[in-house]
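Keep the model open while you read. The text moves from the whole chain to its sheets, then to single residues.

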Amino acid sequence: MAPPTPRLVIPIDLKKKPWEQKLPLHNRWHPEIPPVTEIKTGEMFRIEMVDWTAGAIQDNNSAIDVKTVDLSTVHYLSGPIRVVDTDGNPAEPGDLLAVEICNLGPFPGDEWGFTAIFDRENGGGFLTDHFPRATKAIWYFEGIYAYSPHIPGVRFPGLVHPGIIGTAPSKELLNIWNERERKLEETGPQSLKLCEVLHSRPLANLPSTKGCILGKIQDGTPDWNRIANEAARTIPGRENGGNCDIKNLSRGSKIYLPVFVEGANLSTGDMHFSQGDGEVSFCGAIEMSGFLELKCEILRNGMKEYLTPMGPTPLHVNPIFEIGPMEPRFSEWLVFEGISVDESGQQHYLDASVAYKRAVLNAIDYLSKFGYSKEQVYLLLSCCPCEGRISGIVDAPNAVATLAIPTAIFDQDIRPKVNKVPLGPRLMRNPGIPQCTYDGNLPITKNPLLHQQGSSCNMDASS
């Protein structure tokens, strides 16, 4: 007998606001955000999701929506979902929740997505000191493939995945998050040398009532203000899973999530059609609305049996991810290396972040020789199926990171060759990429050698 159609447990109407949905969405982590539905282990169920901005970014040729987007409202998540076993007993703290991704895809009738660079004063990104201007590329889907009129000459298969999937924290774990992140935000700029090289700010997004959506808990009720002032933002991945942005979590994958509250209170969102390792532009995958079809199992006492705390409490654990068999098949790659020496020539000790930044900058500069602007390449490397690696982390003083780009996604040969680099038939620079001016006064990082050779006001020479 054919298996039953997955039960739709969270429907979405893209014409409605997140708080107007039949089952309201939420954009914070807190143990007191009540579940909106319940599922049993073993049943397959379907969740629908808005894109992470809930439609704030539009399919058009302007980047003003990226420049002005209200980031206090993200990410909008579907859930929480209470998980019980077949006897009706809920998942309990200390259990592991095994979540299998059975099927997923774009929201039917909404088959497009976007990749963006945030303005440096509003979000920034990994290379925000090089690329401070809000910029956007729109992508359209043809079956499993994506293409963009804003980055011509590339086409690649997507590996659809949820950027966020996680369980609710306990109150104790929430307090741990808020304490350590507040300390980082207050003391980090003065104490961390890496802040001189990586310029995204703030260092941590602390709890805030601005833009807060708490699902069934309505603004103006007695508990709303207290919970909103405690609830953690969804920006980083943490012990509960959350915003891990693992691009290979597609069909056939399993996520083993720690359970911290009764019922687990599973939430998910931030659907991606495709993403490069690191999602370097921050709004860096091909962001889209979508659906997930999942199945859950409860591993009783699984945290103690399978997870080893790496910290001062039993709560300092991390999920386990089992990658599924579905992924694009590429056989030829061009690999760019980076070492832990920053753009000023300063040596850093085994710093993988500096090394990866250098690898990405090397790739951007190289690919800009083939007819692209550097902003186009930055967006492309953030969302195409490129592979980031820590290749060396022991050979002092240099960490070595690599970025591998599949050559088949381009319609021209991008390898070094004896003859002069040719421009492809469609790969002339595209002056029409949606982009805004940068109106701030923070300094833009320049490649010192290129800065000596060219104009300091040429944005494309900024790295």
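One definition comes first: contact means heavy atoms within 4.5 Å. For angles, axes are lines fitted to C-alpha atoms, for helices over the stretch in contact, and the angles run from 0 to 180 degrees between N-to-C directions. With that in hand, take one packing arrangement.

Now the whole chain. This is a predicted model. The chain holds seven helices and 22 strands. Its C-alpha atoms fill a box of roughly 70 × 55 × 45 Å along the principal axes. How does the radius of gyration agree with that of a compact globule? For 463 residues, such a globule would have a value near 23 Å. The chain has 22 Å, so the two agree.

Of the 463 residues, 57% are buried. Among contacts with a separation of 6 or more, 80% join residues 24 or more positions apart. The chain exposes about 19,800 Å², and carbon and sulfur atoms supply 53% of that area.

In soluble globular proteins, nonpolar side chains tend to be buried together. Here, the largest nonpolar core has 74 residues. Leu97 and Trp139 have the most contacts inside it. Which helix gives the most to this core? Helix H5, residues 352-367, does, with nine residues.

Follow the pairings of E22. Strand E20, residues 333-339, pairs with E22 in the antiparallel sense over seven bridges. Ile339 has Val400 as its bridge partner in E22. Glu337 has Thr402. Strand E21, residues 387-392, also pairs with E22 in the antiparallel sense, over five bridges. There, Ile390 has Ala401 as its bridge partner in E22.

Why is E22 described as largely enclosed by the rest of the structure? Seven of the seven residues of this strand, residues 400-406, are buried. The cut-off for buried is under 20% relative accessible area. Both faces of E22 are covered. On one side, Val400, Thr402, Ala404 and Pro406 are buried. On the other, Ala401, Leu403 and Ile405 are buried.

Helix H6, residues 374-383, is mostly covered: 10 of its 10 residues are buried. The buried residues in H6 include Val377, Tyr378, Leu379, Leu380 and Leu381. Lys374, Glu375 and Gln376 are buried in H6 too.

Next, another sheet. Six strands form this open sheet, in the order E1-E4-E18-E6-E15-E19, with mixed pairing. Its edge strands are E1 (7-10) and E19 (320-322), and each pairs on one side only. The twist averages 30° from one strand to the next. Within this sheet, look at E6 and E15. Strand E6, residues 96-106, and strand E15, residues 254-258, pair in the antiparallel sense over five bridges. Val99 stands opposite Ile255 in E15.

Where is Asp245 found? The residue sits in the loop between strand E14 (241-243) and E15. Is Asp245 buried or exposed? At 17% relative accessibility, Asp245 counts as buried. Leaving out residues up to four places away in sequence, Asp245 touches Gly163, Asp270, His272, Gln275 and Glu279. For a sense of distance, take Gly143, 102 residues apart from Asp245 along the chain. The C-alpha atoms of these two are separated by 22 Å.

Lys67 has its place in helix H1, residues 64-68. At 17% relative accessibility, Lys67 counts as buried. Which residues does Lys67 touch, not counting those up to four places away in sequence? They are Asp119, Asn122, Ala134, Cys436, Thr437 and Asp439.

Terms used. Residues are numbered from 1 along each chain as its sequence is written. Side-chain values use heavy atoms; hydrogens and water are left out. Two strands pair if DSSP finds at least two bridges between them. Helices (H or I, at least four residues) and strands (E, at least two) are DSSP runs, numbered from the N terminus. A nonpolar core is a set of buried Ala, Val, Leu, Ile, Met, Phe, Trp, Tyr and Cys residues joined through side-chain atoms within 4.5 Å. Buried means under 20% relative accessible area, exposed over 50%, partly exposed in between (1.4 Å probe, protein chains only). The radius of gyration is taken over C-alpha atoms; the globule rule is 2.2 Å times the number of residues to the power 0.38. Accessible areas come from the Shrake-Rupley method with a 1.4 Å probe; for residues, only the protein chains shown count as cover.
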